[in-house]
Amino acid sequence: MRKLLTIIKREYLTRVNSRAFIFSTLLGPIILVAFMVVPVLIAMMESGEATRLAIVDQTGKIFDRVRDSIISEASEASEPSLPGGLPMDMSKSTEERASQAGMAMNRDFKIEKVEPAGRSLEDIKRELNERVRREELDGYIVIPSDVLIGRKAEYYGRNVGDFVSSLQIEEGLSRAVNEQRLADTGVDQSLLRELSKSVTLNTFKISEETEVQDSGGAFFLVLGVGLLIFIMILMYGGTVLSAVMEEKETRIAEILFSSVRPFPLMLGKLVGVSLVALTQFAIWGLLIGGFSIYGAAAVKGQGMDLQLPPVSAASVVSFVVFFLLGFFMYASVYAVIGSIVRTYDESQGFLMVAIVPLILSFYLVFPVIRSPESTMAFWASIVPLSSPVIMPVRIVSQAVPLWQIGLSLLISFGTVVLLTWLAARIYRIGMLMYGKRATIPEVWRWVKES
Amino acid sequence: MTTTDTTVELDHVTKRFGEFTAVNDLSLAVRAERIYGLLGPNGAGKTTTIRMMVNITAPDLGAVHLFGHQINEESQDRIGYLPEERGLYRKMSISDQLLFFAELKDFRGKAAKEAVDRWLERMKLVEWKNKRAETLSKGMQQKIQFIAAVIHDPDLLILDEPFSGLDPINMELLKEIVLEFKAAGKTIIFSTHSMELAEKICDDICLINRSQKVLEGSLIDVKRSFGRNIVALRAEGGEGVLEDKSIVSTVKRQNDEVEALLVQGIDPQVVLKRLLESGARIRKFELVEPNLHDIFVEKVSGGE
C-alpha cells in the first residue's frame, strides 16, 4: 500500500512539476476563450454595419408593415435559439432588442422607401442597380402589386449568398403579407400580435419522490459527462500510454519489479496520471467558473436575467461518479495498449480502436433519450465502455431503478480493475521476454499461461 | 530476522517459457557473507535464475528460499538488485529518483536523504545531485544505477553484469564497494560471463550451461577438483622425459618455454625427479593452476 502511494506520488509530482503541464494549464483557458470570443467578434464585425435595403412597394400600402416586420424579425429570430429557453426581458424597446440580437447572428437593417414618383419600374431598378454598384445600397426588394395573391416578391442584392439576410427578409415579408391580408378582412392588429405568440414547453420529470423540473439543464449536463470523458481521453490517453511505456523505454521496469508487484505499479500509474488530469481540469473549472460568475454579473448588469438550469444534487453526484469511472475505464484500455506495444508509433492504430466505443456511445444517446425504457437502452447503460455515457442519459430521462444503477457502477468498476490487472500481467510478461515483439495471439497465450 | 548459513537456496527449480525451458531442475545454495559468482555463457539461464531470486517471476517447479524463508515482499526489500537491463528516468533529477528507488524498498525520510548524499559523495557525483539523468554520461548513469541498488543497505546484493561498459577506474571503485559489503557481513551474488573477473572476486562459483548446473563450489575446491596438473617448464635437455607418454600426455611449446600436461595421477614431484636424473638444467619449474576460463571452456564445450 505504501509502495502504491510512492508510485502515485512520483507519477503525479513529476508531471505536475513539468513545464509542459504549467504551460498547457495556462494556455488551455486562453485557447478556449479565443474559441468562444473570436467567432462572436467576427459576428459583431459583420453586424456592425446595418444592411441597407430599399423597398419598391408597388402595392402602395404594405411598406410600413414589411419594414417593421423585417426589423422585428431580426430581433425575435434569435430568442428561441438561446440555450434552455432562458427568459429575456420583454419590456425592452424594439430597437434595444434588435441591437441585442445583432450581437448574435441576425442582421440589422436600414430600410428606405423608394417613391415611384411616376417612373417606370425599369427606370427605378436601373437607378437602384446603379446605387448598389456604387455601394450606397446593399440590395432592394420589389414588391409587386399582386403580392397579396401571388405571394411573390423579388430581391436584388450584391450578396445573394447571404442566406441569413435573405431568410429574414423572406420571413418578414411573409408575416407582413399575412398580417396585411388579415387586416384587410378586419381583424384587430394588437389582437393579431397577441395571437401569434409562440408556445414555450416546460418539461418535468416524475421521479420516485417528487416532480422536478430537470430535463433541459440536466440534459446538457449529461452530454457534458460524455463530452468531458471524450476530451479527457483525447488529452490524457496519450499520457497514460507514455506513462505505461516509460519504464519499458528507459529499461527501468526490471528494477521496479524487484521492489513492487506489477498490479500496484500499473494502478499507481493510472491513478497518478488521472490525478494530474483532474488537477488540470479543476484549475480550468475554477477559472471558467470565476469568469462565468463575472460574466453572469455583467449580463445581469445589462438587465438580462440568467438562471442556472435546475439540476438535482443526486444527479450531479451520479454524473461525477460515472464521469470518473468512464475516464478510468478508457484510461485502463490505454494502459493495456501501452503494455502490449513497444514503441509509441506502434500504438497509433490501437488508439483509434479504443475511441470507437466512446463515439458509438454518442450515437446511442439520442435513441436512448427517445426510449429510455428499451432493451437497447438497458444494455447500453450496463455494458462497460458505453455505460458511463448512457447511464447518466437514462438517469435524467427516466426514473432508473436503483439496482440497475448499482449494477452499472459495479460492472464499470470491475472492468477498470480487470483491465488494470490485465495490463499489469501483459506488461510483466512482455518485460520478461524483452526483445520479442508481441502478437495478439501471443499476448493471449501469456495471459492464459502465467 | 533470521541468520542462516545460506542466504539464498534454490531447490530443484524449473522455469519454462512456453516450449522453452530457461532453467531446468536447478539446485544451488548461496552461503552467507560470501561473494557468489553465477557464471555461464549468454542464454544459459543466469538472468532467469536471478529473477526468481528477486521475486520477479515464480518458478514452475521447486522452491526459492531467501534468508531461510519462502520468498515474500518483506524479504524482497532486503535485496539490492542491479539488473542487466537497467536505466533511469530521463527527466527526473538524480536525487529525486534515488529517493524514489529507496522508497520502493521502504527506506524513506531523513535517513534516505542522508544516504543519497553519502553515496553521491562516494561516487564523486555530488554536483549532479539536482541535474536530470539525461544530462549525465553513460558511465555516470551506471554509477547512479549502482547507487539505486545499494542505497537501502541491503543484506543481499545481486548484480547482473555490473561492470559491463565501465572504465577501469570506476570498475575498481565498484569492486572496492562490493568488497566492503562483504566485509560488512552481506552476501553478494554476481552474474557475469567474464571469467577473469569472477576469478578475482568470487569466493564461490556456480557454472550454468544450457539451463542446467554444470558445477558449484568454492573457487579453490573447483580448481582442485579439476584435477589437472600442468607444469610450466624452462629447461635445457630432458626431452626424453617429456616424450614419455606414461607421464606426460601433451606438450605445448612457446618459445623456450614448455607447457606440459601430466597424465592423470602423476605427481609433479616424480616428473621433477626424472628431469633432474636425466641431467637437464632447470631454470623454471612451476605448477600452473587451471584457470576458470579453461574450466569453463572445457566444461561447456565438453558437455556438447
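Let's start with one pair of strands: β12(B) and strand β13 (residues 257–262) of chain B run antiparallel to each other and share 6 bridges. Strands here are DSSP runs of E with at least two residues, helices are runs of H or I with at least four, and both are numbered from the N terminus. Two strands pair if DSSP finds at least two bridges between them. Within this pairing, B:T250 has B:L261 of β13(B) as its bridge partner.

This is a predicted model, so local features need pLDDT of at least 70 and side-chain atom pairs count only at pLDDT 80 or more, while totals for chains, interfaces and linings use all residues. Residues are numbered from 1 along each chain as its sequence is written, and chains are lettered from A and ligands numbered from 1 in the order in which they are written.

## The two sheets

Zooming out from that pair, you get an open antiparallel sheet of 4 strands in chain B, in the order β12-β13-β11-β14. Its edges are β12 (248–254) and β14 (281–288) of chain B, which each pair on one side only. From one strand to the next, the twist averages 25° (axes are lines fitted to C-alpha atoms, for helices over the stretch in contact, and angles run from 0 to 180 degrees between N-to-C directions).

Chain A has an open sheet of 4 strands too, this one with mixed pairing and the order β2-β1-β3-β4. β2 (109–113) and β4 (154–157) of chain A each have a single partner strand, so one side of each has no neighbour in the sheet. The twist in this sheet averages 20° from one strand to the next. Inside it, strand β1 (residues 51–57) and strand β3 (residues 139–143) of chain A pair in the parallel sense over 5 bridges, and A:I55 has A:I141 in β3(A) as its bridge partner.

## Nonpolar cores

The largest nonpolar core holds 124 residues, and A:V240, A:A335 and B:I158 touch the most other members. A core like this is a set of buried Ala, Val, Leu, Ile, Met, Phe, Trp, Tyr and Cys residues joined through C-beta atoms within 7 Å. Buried means that 20 or more other C-beta atoms lie within 10 Å of a residue's own; 12 or fewer makes it exposed, anything in between partly exposed, and C-beta atoms are placed from the backbone. Helix α12 (residues 313–340) of chain A gives this core its largest share, 14 residues. There's also a second, separate core of 21 residues, with A:A54, A:I70, A:F109 and A:V142 among them.

Beyond its neighbours within four places in sequence, B:I158 is in contact with B:I50, B:M53, B:V54, B:I79, B:Y81 and B:I189. Contact means that the C-beta atoms of two residues, placed from the backbone, lie within 7 Å.

## Where the chains meet

Between the chains, 23 residues of chain B are in contact with 18 residues of chain A. On the chain B side, β6 (79–82) and α3 (94–104) each supply at least two residues, and α3(B) gives the most, with 4 residues.

## Two domains in chain B

Chain B splits into domain 1 (6–224) and domain 2 (228–302), with bounds from an automatic or database domain assignment. Taken over C-alpha atoms, the domain centres are 40 Å apart. Where they meet, 11 residues of domain 1 are in contact with 9 residues of domain 2. The largest share of the domain 1 side, 3 residues, comes from α7(B).
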